[in-house]
Amino acid sequence: MSRFKSDFLATLDERGFIHQISDETGLDDLLTKEVVTAYIGFDATAKSLHVGSMTQIMLLHWFQQTGHRPVALMGGGTTMVGDPSGKDESRQMMTAEIIADNKTSIQKCFDPFLTFGDGKNDAIMADNADWLLDLNYVEFLRDYGKHLSVNAMLARDSVKTRLDREQHLSFLEFNYMCLQAYDYVELSRRYDCRLQIGGSDQWGNILSGVDLGRRSGTPQLYALTSPLLTTSSGAKMGKSASGAVWMNEDMLPVFDFWQYWRNTEDADVPRFLKLFTTLPMDEIARLSALEGNELNDAKKVLATETTAMVHGRDAAEKAAETARQTFEQGTVSADLPTISVPAGDFEAGTGILGLLVTAGLAGSNGEARRHIKGGAVKVNDQAVSDERMMLDKSFLTDGAVKLSFGKKRHVLIRPE
């Protein structure tokens with residue numbers, strides 16, 4: 001039996017989403033009485049969000065599914081400043097053109113999770129550039145500066161860490177906290193937004209918005225954060241050995257996305273099923289109870305369900321079948337991630353080191369050499385021991401060469 005009356009908080013509680021709530025009773029009561037609007041902010045620092053952001057997107061998904069109105073806030077304005085939270089150094093400045101391109105691309109990440117429209121609980125896509133870029137700085141200082149506590153900002157862990165290490169913290173970044181607090185007030189006025197949600201590293205920033213709203217006359221505002229996720233081995237969510245696990249297909253093939261979840265550590269399977277799928281809790285309990293080799297079945301379900309959430313059911317099932325053919329039947333599936341290279345490369349022969357880099361299986365020739373020396377590289381399922389190996393047309397099977405790093409990363413090289 002949940003300690004919460006509202007469907008939203010009860011769902012979050014049983015699935016492990018809750019870290020902190022500013023006023024549990026007040027928020028729970030509000031959610032039972034009316035359709036509430038809540039937002040989460042996403043800065044446009046890349047062309048796609050990665051799976052580390054899926055926790056927040058799932059929170060918006062459950063908010064809408066339990067009858068409320070979510071706002072996905074694009075940080076078109078705040079991205080120009082840079083959030084110092086959890087960072088040891090200043091972010092690189094981005095041009096307005098790059099930020100605009102990133103926003104357009106990032107918005108695709110939300111479409112599978114949220115229903116946008118004009119209904120009372122349809123999701124809203126907002127952009128803080130709409131009010132921040134035209135903000136009159138002197139008026140902002142006069143109207144809101146008196147309510148923003150420098151003492152509270154200096155007490156933030158993200159700021160204290162930088163200052164304690166005597167690392168540079170610019171006035172530009174310091175203002176990020178002020179802008180985020182103002183976002184909450186502005187969204188309250190525009191959309192009657194009453195709740196801001198974020199990762200636990202945003203707790204202080206969110207409370208600044210709650211406090212600024214109280215001091216500037218908004219209705220009662222609330223804060224909710226989710227735990228910052230790491231794997232059981234301590235790795236940060238959203239990162240793999242080959243880089244970020246992007247949500248957009250044009251930045252990461254669907255098969256690689258599926259494979260990331262298939263490789264989940266055993267201890268993380270129950271938690272990830274709760275957080276990243278919409279499976280019923282009794283089914284999650286059944287899968288979580290599997291042990292030994294049967295736990296691999298739970299990992300396949302996790303991979304397929306999370307991939308279906310992001311890329312659609314057909315693409316997820318196709319990735320699962322590609323994995324089955326590759327790993328269980330030992331065949332070369334045409335649906336493996338494919339890299340095209342000039343056909344002329346295979347006429348005279350092309351080096352294995354360069355192909356490993358081109359395929360994204362190594363970051364440099366040096367790394368590729370280390371992979372080969374470690375016995376981790378295969379060509380057409382045959383181990384490679386010679387770093388000077390040259391591949392020509394004789395290696396082609398059905399017009400492609402299969403490169404493998406370890407047991408679970410495979411890429412087809414196809415001359416065209």
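Helix α12 passes α14 in a left-handed crossing, meaning that the near helix is turned anticlockwise from the far one by less than a right angle (clockwise would be right-handed). This is a predicted model, where local features need pLDDT of at least 70, side-chain atom pairs count only at pLDDT 80 or more, and totals for chains, interfaces and linings use all residues. Residues are numbered from 1 along each chain as its sequence is written, and side-chain values use heavy atoms, with hydrogens and water left out. Helices (H or I, at least four residues) and strands (E, at least two) are DSSP runs, numbered from the N terminus.

**The α12 and α14 pair**

- α12 (269-276) and α14 (residues 295-311) pack at an angle of about 25°, and their axes are 10 Å apart.
- Those axes are lines fitted to C-alpha atoms, for helices over the stretch in contact, and angles run from 0 to 180 degrees between N-to-C directions.
- The two helices are therefore roughly parallel to each other; that label covers angles under 35 degrees, while over 145 is roughly antiparallel, 65 to 115 roughly perpendicular and the rest oblique.
- On the α12 side, Val-269, Phe-272, Leu-273 and Phe-276 meet a set of α14 residues including Leu-295, Ala-298 and Met-309.
- Val-269, Phe-272, Leu-273, Leu-275 and Phe-276 of α12 are buried, where buried is under 20% relative accessible area, exposed is over 50% and partly exposed is in between (1.4 Å probe, protein chains only).
- The buried residues of α12 pack against α1, α3 (54-65), α11, α13 (281-288) and α14.

- Look for Thr-264 in the loop between α11 (254-262) and α12.
- Thr-264 has 6% relative accessibility, so it counts as buried.
- A polar atom of the Thr-264 side chain lies 2.6 Å from the backbone oxygen of Trp-261.
- Setting aside neighbours within four places in sequence, Thr-264 is in contact with Val-269, Phe-272, Lys-299 and Leu-302; contact means heavy atoms within 4.5 Å.

**The six-stranded sheet**

- Six strands make an open sheet with mixed pairing, in the order β1-β6-β5-β2-β3-β4; two strands pair if DSSP finds at least two bridges between them.
- At the edges are β1 (20-21) and β4 (124-127), each pairing on one side only.
- Helix α1 (residues 7-15) packs on this sheet and touches β1, β5 (193-199) and β6 (222-226), with its direction at about 25° to that of β6.
- Helix α10 (residues 203-215) also lies across β1, β5 and β6, running at about 170° to β6.
- β2 (residues 37-42) and β3 (residues 69-74) run parallel and are joined by six bridges; Gly-41 has Leu-73 in β3 as its bridge partner.
- In the loop between α9 (171-191) and β5 sits Asp-192, a residue other than glycine whose phi is positive, near 55°.

**The five-stranded sheet**

- Another open sheet, again with mixed pairing, has five strands in the order β9-β15-β14-β11-β12.
- β9 (338-341) and β12 (382-383) stand at its edges with a single partner strand each, so one side of each has no neighbour in the sheet.
- β11 (residues 377-379) and β14 (residues 401-405) pair in the antiparallel sense over three bridges; Val-379 has Leu-403 as its bridge partner, and Lys-378 has Ser-404.
- β14 also pairs with β15 (residues 409-415) in the antiparallel sense, over five bridges.
- Four of the five residues in β14 are buried, leaving this strand mostly covered.

Conventions. Polar contact = N/O pair within 3.5 Å; in protein donor to acceptor, adjacent residues only side chain to side chain.
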